[in-house]
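Biologist: I'd like to go through this model with you one piece at a time. Could you put it up on the screen?

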Amino acid sequence: MITSKAYSIGITGVVLFVLTTIIGTFLHPNYNNYSQFISELYAVEAPNADLIRYLGYIPSGVLFLLFSFFAIKETPKSSLKNAGFIGIGLSYGLGTIICGYFNCDIGCNPEFINPSLSQIIHNLSGFLTYCIVPGSIFLIAIKSRKWENGVPFSNWSYILSLVSFIFVFILNTNLNSPYKGLIQRVIEISILFWIVLCAFYIKKQFNNA
């Protein structure tokens, strides 16, 4: 049996990202998952920020970037599909790396008052990530419909693309919402769930030789 690198790397990246978030929450006293951004777990002066950044989020970003690269190689040739996976890799993969390296100011400065350069880069990278990912998943949804047994995966891709797009819109129109943490987690869960579905689909359909 051929081992799918996209599958193993994608699943590992998701597990690492989720575990980092859970562990970071426990290490951060009084942290609220409903009202605080994930980035606040590794903001300037946050407890164990460097540990969370360099051993958790940045490595998971590297894995998401590699997942996209191997997914391109392990799925049927298509420029549309390539564009989708490149979008995922550069936005969610590289974007996670950039956001991890350039962490935000104390409390992530939601009012954006005298932001540091790191905060500006962090916000710009996060904004571009959330703008690009839903569309990238949508492109893959279009093309995967023609793959063998691809209709269920395509349907899920359409749904998760729409969900992530809707909640990105909600988040960006109300960044001071008392539920902004919860809204962001819906976006992240929809993306991470899609990566898991994609990884399992690739393993099942293209790596059983």
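Biologist: Which residues does histidine 28 touch, not counting residues up to four places away in sequence?
Modeller: Bear in mind that this is a predicted model, where local features need pLDDT of at least 70, side-chain atom pairs count only at pLDDT 80 or more, and totals for chains, interfaces and linings use all residues. Residues are numbered from 1 along each chain as its sequence is written, and side-chain values use heavy atoms, with hydrogens and water left out. Histidine 28 sits in the loop between H1 and H2, where helices are DSSP runs of H or I with at least four residues, numbered from the N terminus. Counting a contact as heavy atoms within 4.5 Å, histidine 28 touches Glu40, Leu41, Ala46 and Pro47.

Biologist: What separates the C-alpha atoms of histidine 28 and leucine 41?
Modeller: Leucine 41 is among the residues that histidine 28 touches. The two are 13 residues apart along the chain, and their C-alpha atoms are separated by 6.8 Å.

Biologist: Is histidine 28 buried or exposed?
Modeller: We call a residue buried under 20% relative accessible area, exposed over 50%, and partly exposed in between, using a 1.4 Å probe and protein chains only. Histidine 28 has 16% relative accessibility, so it counts as buried.

Biologist: What is phi for asparagine 30?
Modeller: Most residues other than glycine have a negative phi. Asparagine 30 lies in the loop between H1 and H2, and at 79% relative accessibility it counts as exposed. Although it is not a glycine, asparagine 30 has a positive phi of about 65°.

Biologist: And glutamate 45, what is its phi near?
Modeller: Glutamate 45 is found in the loop between H1 and H2. It is exposed, with a relative accessible area of 70%. Its phi is positive in a residue other than glycine, near 70°.

Biologist: Which residues is lysine 5 in contact with, leaving aside its neighbours within four places in sequence?
Modeller: Lysine 5 has its place in helix H1. With a relative accessible area of 44%, lysine 5 is partly exposed. Its contacts are Gly10, Phe70 and Glu74.

Biologist: Which residues does serine 164 touch, not counting residues up to four places away in sequence?
Modeller: Serine 164 lies in helix H5. Its relative accessible area is 0%, so serine 164 is buried. The residues it touches are Pro134, Ile187 and Ser190.

Biologist: Which cysteine is joined to cysteine 104 by a disulfide?
Modeller: A disulfide is a pair of cysteine sulfur atoms within 2.5 Å, and a search of the whole structure finds one. Cysteine 104 is buried, at 0% relative accessibility. The S to S distance is 1.9 Å, and the partner is cysteine 108.

Biologist: Why is that disulfide of cysteine 104 and cysteine 108 left-handed?
Modeller: Look at the torsion about the S-S bond of cysteine 104 and cysteine 108. The disulfide is left-handed because that torsion is about -40°.

Biologist: Which cysteine has the closest sulfur to that of cysteine 131?
Modeller: Cysteine 131 is partly exposed, at 42% relative accessibility. The closest cysteine sulfur is 12 Å away, too far for a bond, and it belongs to cysteine 99.

Biologist: Which helix gives the most to the lining of the largest pocket?
Modeller: The lining has 27 residues, of which Ser39, His122, Gly126, Tyr130 and Gln184 lie nearest the pocket's centre. On a 1 Å grid over the protein atoms alone, a pocket is an open set of points where a 1.4 Å probe fits, with protein on both sides within 12 Å along at least five of seven lines, and lining residues have an atom within 4 Å of a point. Helices H3, H4, H5 and H6 each supply at least two residues of this lining. The most, seven residues, comes from H4.
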